Amino acid sequence: MSKVILVTGAGRGLGTDIARQALAAGHQVIATGRRPEEVEKTLGGPQDNLLVTKLDVTSLDDAQAAAQAAVDRFGRIDVLINNAGNFFAGYFEEITPDQMRQQIETNLFGPMNVTRAVLPILRKQRAGHIITLSSSAGLIGQEFCVAYAASKFGVEGWMESLRYDVEPYNIHTTVVEPGFFRTELLVDGSTIWPEPTIDDYAERTTATIAAWKSMNGQQTGDPAKLARALLTIADQDKPLQRFVAGADAIEGVTAKANELLAQAQASRELGGNLGYDDTNA
């Protein structure tokens with residue numbers, strides 16, 4: 001069944017794969033990005049089922065304009081795929097407060113802005129699906145990822161709770177936790193690498209940057225397959241609420257779940273008996 005799908009960050013990487021495959025499958029696509037002329041060129045030029053529009057996800061005005069343009073062109077929006085994001089790498093002390101805010105502004109408040117613009121349309125329709133790209137780093141803290149993980153942990157809490165807000169209006173939510181895929185997240189345009197500023201971190205920073213850069217293009221996950229999987233989920237009557245994507249992510253999330261369970265059990269004696277006791281009042 002053909003759907004109207006709005007994709008953020010469609011100018012490169014996974015967003016391009018999603019838009020291309022959605023068009024090939026017969027869907028109507030709103031492909032957005034900060035440089036729409038580049039998005040359109042990347043997707044092969046003008047097409048009847050394609051609307052390309054400017055969208056910087058940190059701008060609520062852009063988000064509202066894109067949502068309105070989608071309705072003006074196609075009459076509705078069925079699926080929102082919040083894909084746009086970036087990566088501020090580095091150790092916490094070497095990430096400035098401004099950089100931390102920028103990371104959260106893009107990766108958390110960005111999809112919030114777009115969702116805020118689209119939700120009134122979905123509620124009016126009494127139907128829709130919001131898919132937001134998180135990361136395995138949204139469930140598992142990792143070295144050198146403190147800003148990115150903070151933003152993605154925020155995405156997890158927001159999306160998990162948003163589900164309860166919108167379920168009464170037949171709006172589905174899916175949060176996606178990919179592992180390592182050959183997207184363009186690790187290229188210089190998407191990743192902001194830190195400058196070594198603290199001697200204690202300098203050697204580790206230099207070595208970690210080299211290791212991460214060498215990983216680019218060698219990740220095990222195929223973004224084209226991930227795009228197909230997301231479109232499959234978008235077509236489900238009862239879509240997954242959480243999609244852990246990639247064998248590495250599944251292994252890591254399973255280990256984290258077991259660790260959480262073990263920590264909860266270990267906390268039982270000390271933490272399970274903290275209720276108010278009237279006898280000690």
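This is a predicted model: local features need pLDDT of at least 70, side-chain atom pairs count only at pLDDT 80 or more; totals for chains, interfaces and linings use all residues.
Start by selecting Ala247, which sits in helix α8 (residues 247–266); helices here are DSSP runs of H or I with at least four residues, strands are runs of E with at least two, and both are numbered from the N terminus. Ala247 counts as exposed at 65% relative accessibility (exposed is over 50% relative accessible area, buried is under 20%, and partly exposed is in between, with a 1.4 Å probe and protein chains only).

Residues are numbered from 1 along each chain as its sequence is written, and side-chain values use heavy atoms, with hydrogens and water left out.

Zoom out to the whole chain. The secondary structure comes to nine helices and nine strands. The radius of gyration is 20 Å, close to the 19 Å that the globule rule gives for 281 residues, so the chain is as compact as a globular protein of that length (the radius is taken over C-alpha atoms, and the rule is 2.2 Å times the number of residues to the power 0.38). Along the principal axes, the C-alpha atoms fill a box of roughly 65 × 55 × 35 Å. Colour by burial and you'll find that buried residues make up 46% of the 281. The chain exposes about 14500 Å², with carbon and sulfur atoms supplying 51% of that; these areas come from the Shrake-Rupley method with a 1.4 Å probe, and for residues only the protein chains shown count as cover. If you draw contacts (heavy atoms within 4.5 Å), then among those between residues at least 6 apart in sequence, 71% join residues at least 24 apart.

Next, select Arg20, in helix α1 (residues 13–24). Arg20 is partly exposed, with a relative accessible area of 43%. What does Arg20 touch, not counting residues up to four places away in sequence? Thr42 and Leu43. Show Gly44 too: Arg20 and Gly44 are 24 residues apart in sequence and 9.0 Å apart in space, C-alpha to C-alpha.

Then jump to Phe144, in the loop between β6 and α5. Is Phe144 buried or exposed? Phe144 counts as buried, at 2% relative accessibility. Check the backbone as well: phi of Phe144 is near 75°, a positive value in a residue other than glycine. Most residues other than glycine have a negative phi.

Step along to Val146, which lies in helix α5. Val146 is partly exposed, with a relative accessible area of 32%. Leaving aside neighbours within four places in sequence, Val146 is in contact with Gly90, Tyr91, Phe92 and Ile95. For a distance check, pick Asp165: Val146 and Asp165 are 19 residues apart in sequence and 29 Å apart in space, C-alpha to C-alpha.

Beyond that helix, look at Asn170, in the loop between α5 and β7 (171–178). Asn170 has a positive phi of about 60° although it is not a glycine.

On a 1 Å grid over the protein atoms alone, a cavity is a set of points where a 1.4 Å probe fits but cannot get out, and a pocket is an open set with protein on both sides within 12 Å along at least five of seven lines; lining residues have an atom within 4 Å of a point. Points are joined across faces, edges and corners, and a volume is the space filled by probe spheres set on them.

A search of the whole structure finds one cavity of 30 Å³ or more. Select Asn82, Asn83, Ala84, Asn107 and Pro111, which are the closest to its centre among the 13 lining residues. The largest cavity holds about 60 Å³. Which helix gives the most to its lining? α4, with four residues.

Last stop: the second largest pocket, with a volume of about 270 Å³. Its lining has 14 residues, and Lys3, Gly128, His172, Ala234 and Gln236 lie nearest the centre.
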